[in-house]
Amino acid sequence: MDNSAQQLAKLLENSRANEAIAQKLFEIETEILACNSSNELLQQLLNAIKNKFSLTNIALLLIEPTPINHLIKASVQSNWHQQHCYSVKADELSTCHPKGKPLLSNQLTQLNNIIPEHLLDNAQSIALIPLTMEGKLFASLLLTDANKQRFHDNLGTFHLEQLAVKTSLCLANVLIREQLEYMANYDRLTGVANRRLMEVSIQEELNRQKRYNTPFALLFIDCNKFKQINDTYGHDCGDQVLTYVATQIQTLIRDNDKCFRYAGDEFVVTLSGQNYQQALQVAKRLTEYFQQHPMPYNNTALPVTISCGAAASDGKKTMAELLKQADEQLYLHKKVPQT
Ligand SMILES: Nc1nc2c(ncn2[C@@H]2O[C@H](COP(=O)(O)OP(=O)(O)OP(=O)(O)O)[C@@H](O)[C@H]2O)c(=O)[nH]1
């Protein structure tokens, strides 16, 4: 072959290789489009990249503290996440991506301080691809290969940059969707589920009871003299009291039970599989706990007490009737404090 024929053959070969990579990227994108959660997305994405590009390993290095904490905190906590995501320092990861470009290297000793050592097991070359959200670097995808020639600093990064943009966009979409869902279902101040999720949850319990005849009870809880706390110590202190009450209740109930903020200083606790007598015992336990554990506030102990009303479902009452019954019992206890 003469020189120009060789060049043409090389161009054709490159073009075919590019086409094959573009096809794989397209397939990955199609696979992850259907993912509903960030967990699922990360899992599918990393597996797909690893398999399609026959990599030795793949991991996600997340900057700690992440600049997208508000999006990522509650959502990425599965076992899988713990196995494949690693925290790295922001300034260290940034040094790997001058001008926001991917880093390709087969001189791995230079990266020992930044990348956890065990991630480089069996690796001879790596590609580190920066992921950005809201214009900020928040993570890097680490691709490793046992072949020293697979990634090196003379290799073009066009396809890897495409992969970075697509991954960042997909993650941003799914995280923002999760955040919106979270905001629609959880109370911003106390972090417990809100009334909307409470209604869904109680309805599920009532349906289960109808079908399987399992007991179900709930508590209506109200903070005593809460207005007085607000008036005496200020609204911020009142907010702290509400958060204290919600978090303490959550630690005091069983895993199956759930605490919801109903409104203002009122909470509802659903007691899955428990009858009226058991609900009364929980009410007593919660009431006594707060009597014995004032809230630490400005180096003092601020008395915070609650009143509880209980109601159990008989398979016939509606949600509104159950809540009303518990609220009426609570009102009676307010008049004659529980001991
Ligand atoms: N700090 C704070 N106060 C709130 C919030 N939501 C509602 N409140 C206040 O909670 C107070 C509830 O007052 P009340 O319903 O009279 O309850 P209470 O003072 O505990 O009265 P009793 O239940 O009879 O002991 C009102 O003053 C509301 O303004 C909130 O998110 N933060």
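Let's start at one residue, Cys-308: leaving aside residues up to four places away in sequence, Cys-308 touches Leu-219, Phe-220, Ile-221, Ala-283, Leu-286, Thr-287, Leu-330 and His-333. Bear in mind as you look around that this is a predicted model.

Apart from the core we will come to in a moment, there is another one, with 37 residues, including Leu-42, Leu-62, Cys-96 and Ile-126.

Now for the largest nonpolar core, which holds 39 residues. Cys-308 is one of those that touch the most other members, together with Leu-218, Leu-219, Val-245, Phe-267, Val-269 and Ala-326. Several elements each give two or more residues to this core: helices 7 (195–212), 9, 10 (276–292) and 11 (319–335), along with strands 6, 7 (258–263), 8 (266–272) and 11 (306–312). Strand 6 provides the largest share, 7 residues. As a general pattern, nonpolar side chains in soluble globular proteins tend to be buried together.

Finally, step back to see the whole protein chain. Its secondary structure comes to 11 helices and 11 strands, and of its 339 residues, 32% are buried. Among contacts between residues at least 6 apart in sequence, 66% join residues at least 24 apart.

Conventions. Residues numbered from 1 in each chain as written. Predicted model: local features only at pLDDT ≥ 70, side-chain atom pairs only at ≥ 80, totals over all residues. Helix = DSSP H or I, 4+ residues; strand = E, 2+ residues; numbered from the N terminus. Buried ≥ 20, exposed ≤ 12 C-beta atoms within 10 Å, placed from the backbone. Contact = placed C-beta atoms within 7 Å. Core = buried A, V, L, I, M, F, W, Y, C linked by C-beta atoms within 7 Å.
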